[in-house]
Amino acid sequence: MYETDLNPRQSRIDWLMIAGLLGLMVYGLLFIYSAKSVEQTASILQQYRDLNLWQFARWLFGQDYFKQLIWYAGGIGMAVAVCFVDYRILARWSMVGYWATIILLVFVMFFGSTKGWGARRWIDLGFMSVQPSEFAKIAFIVALAHFLSRPNEELRTPKIFWQAIGLIALPFLLILKEPDLGSALMFLPVGLAMMFVGGVPKRYIGMLVGSGAVVAGLLIMDILFSDLLPKPLRIELEPYQKRRLLVYFNRDFAPPNATEAERRRAREEERKYSYNIDQALISVGSGGFTGKGWCQGTQNALGFLPRGVAHNDFIFSVVAEESGFVGSVIVIMLYTVVLFTGIRIASQARDRLGKLMAVGVVALFFSQVFVNIGMNIRIMPVTGVPLPLLSYGGSSVLCSLIAAGIMQNVYVYRKSY
């Protein structure tokens, strides 16, 4: 095994992973264009007679697919820059990055801009909005990997375990407070996977999993049987988060003693909150085996799949409708390539630090892919977690490519002794 790993002819770049990432970016551009083509083409057709070159350039730079292309280019540049610095040097500055993102998360709670449901999640820079929670994921992975890269004897002590829990809990609670339940939850499987691979005793991990199961059980009980659960045991959620979970569990929005008028209002509200996921399911199912064709999806073109979410949270539904089962499988295969090359990189890492950084990125990618595709086919509740490199969004794209750059970094320096 070691002779293979140290083979001088072996490429210092994992081209298979790069091919998977490029394939996802091509899919992202194609289907973001498709998701927004009706709306954005109509905007230029209304004024094409008076459009000069300068106005056309402004129009082009305002298109979502063009902005996504710019973010892809910026993210690739950042990923390449990350690869030029040994990951051990990055790890030395990990706590600086971690606390910088914590400061940004505190800042956004008080001064952040709101876009929907009254949540403060963004910092408006004028030309783009930055979502600190995305950058916090990357900083957290590097910081926790550095923290867990210590002798096994230290990892067995309760003090180290609780300090690791603190590293997870701080960004989790701050992001939950925004509120952004979906992004906050991503820290849990990532932290759990890294602690397991890092060598934290199984009894500690079992205690953590058990505590999480109790919290999840109380949350489900609160949703399904809120009238039976004592108030001290209830977990307070934002109203829109609770309604999303009621839709997921197919529960009646009306209380048991509701009047007929209240039940009627509750049914209208239920239809409103289940509309997006219902239309996403129709989009996925209507694609058939080979799909309706690129830019031919009627669910999207006719506005049944709301255009405000079709190009980000529900981009997979657009892919499934227009490219069918075949296109959906290709997308999943591209993610599989990225994930399995990431696992291989972790197995070939020269030290525990590199292995933990690669495992953290793989766990993050897998969690986001599973949750996003799951909510498109209703096996997961709607949480607003983006599909890496496919969903529209600058912060998500930049951080996904930086994370991929970290994995490539571990691969590049696997032979440095």
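Colleague: Where is Leu389 found?
Modeller: In this predicted model, Leu389 sits in the loop between H18 and H19.

Colleague: What makes the phi of Leu389 worth a remark?
Modeller: Phi of Leu389 is near 70°, which is positive, and the residue is not a glycine. Most residues other than glycine have a negative phi.

Colleague: Which class does Gly384 fall into, and why?
Modeller: Gly384 lies in the loop between H18 and H19. With a relative accessibility of 28%, Gly384 counts as partly exposed.

Colleague: How do you know how far Gly384 is from Asp313 in sequence and in space?
Modeller: The two residues are 71 places apart in sequence, and their C-alpha atoms are 5.9 Å apart. Leaving aside neighbours within four places in sequence, Gly384 is in contact with Asp313, Arg244 and Met375.

Colleague: What joins Glu178 and Pro179?
Modeller: A cis peptide bond, with omega about 0°. Most peptide bonds are trans. Pro179 is found in the loop between helix H9 (158-176) and helix H10 (181-185).

Colleague: Where does helix H14 bend, and by how much?
Modeller: H14, residues 260-286, bends by about 50° at Tyr275. That value is the angle between axes fitted to the seven residues ending at the bend and the seven starting there. Just after H14, Gly288 takes a positive phi of about 65°.

Colleague: Which residues in H14 are buried, and what covers them?
Modeller: The buried residues in H14 are Ala266, Glu270, Tyr273, Ser274, Ile277, Gln279, Ala280 and Ser283. Their cover includes helix H13 (239-248), helix H15 (298-301), helix H17 (315-348) and helix H18 (352-376).

Colleague: At which angle do the axes of H7 and H18 cross?
Modeller: The axes of H7, residues 132-148, and H18 cross at roughly 145° and come within 8 Å. The crossing is right-handed.

Colleague: Which residues in H7 and H18 meet?
Modeller: From H7 come Glu134, Lys137, Ile138, Ile141, Val142, Ala145, His146 and Leu148. They meet Arg352, Leu353, Leu356, Met357, Gly360, Val361, Leu364 and Gln368 in H18. The residues of this contact divide into ten nonpolar, three polar and three charged.

Colleague: What is the order of the strands in the open sheet?
Modeller: The order is E1-E2-E3, and the pairing is antiparallel.

Colleague: Why do strands E1 and E3 stand at the edges?
Modeller: E1 (113-114) and E3 (129-130) each have a single partner strand, so one side of each is left without a neighbour in the sheet.

Colleague: How do you know that E1 and E2 pair, and E2 and E3?
Modeller: Two strands pair if at least two bridges are found between them. E1 and E2 have two bridges, and E2 (residues 120-124) and E3 also have two bridges. Ser113 stands opposite Trp122 in E2. In E3, Val130 is the bridge partner of Ile123, and Ser129 stands opposite Asp124.

Colleague: What do E2 and E3 form?
Modeller: They form a hairpin with four residues between the strands, and Gly126 in the turn has a positive phi of about 95°.

Colleague: How many helices and strands are there in the protein chain, and what share of its residues is buried?
Modeller: There are 19 helices and three strands. Of the 417 residues, 48% are buried.

Notes. Residues are numbered from 1 along each chain as its sequence is written. This is a predicted model: local features need pLDDT of at least 70, side-chain atom pairs count only at pLDDT 80 or more; totals for chains, interfaces and linings use all residues. Side-chain values use heavy atoms; hydrogens and water are left out. Buried means under 20% relative accessible area, exposed over 50%, partly exposed in between (1.4 Å probe, protein chains only). Contact means heavy atoms within 4.5 Å. Axes are lines fitted to C-alpha atoms, for helices over the stretch in contact, and angles run from 0 to 180 degrees between N-to-C directions. A crossing is left-handed if the near helix is turned anticlockwise from the far one by less than a right angle, and right-handed if clockwise. Ala, Val, Leu, Ile, Met, Phe, Trp, Tyr, Cys and Pro count as nonpolar, Asp, Glu, Lys and Arg as charged, and the others, Gly among them, as polar.
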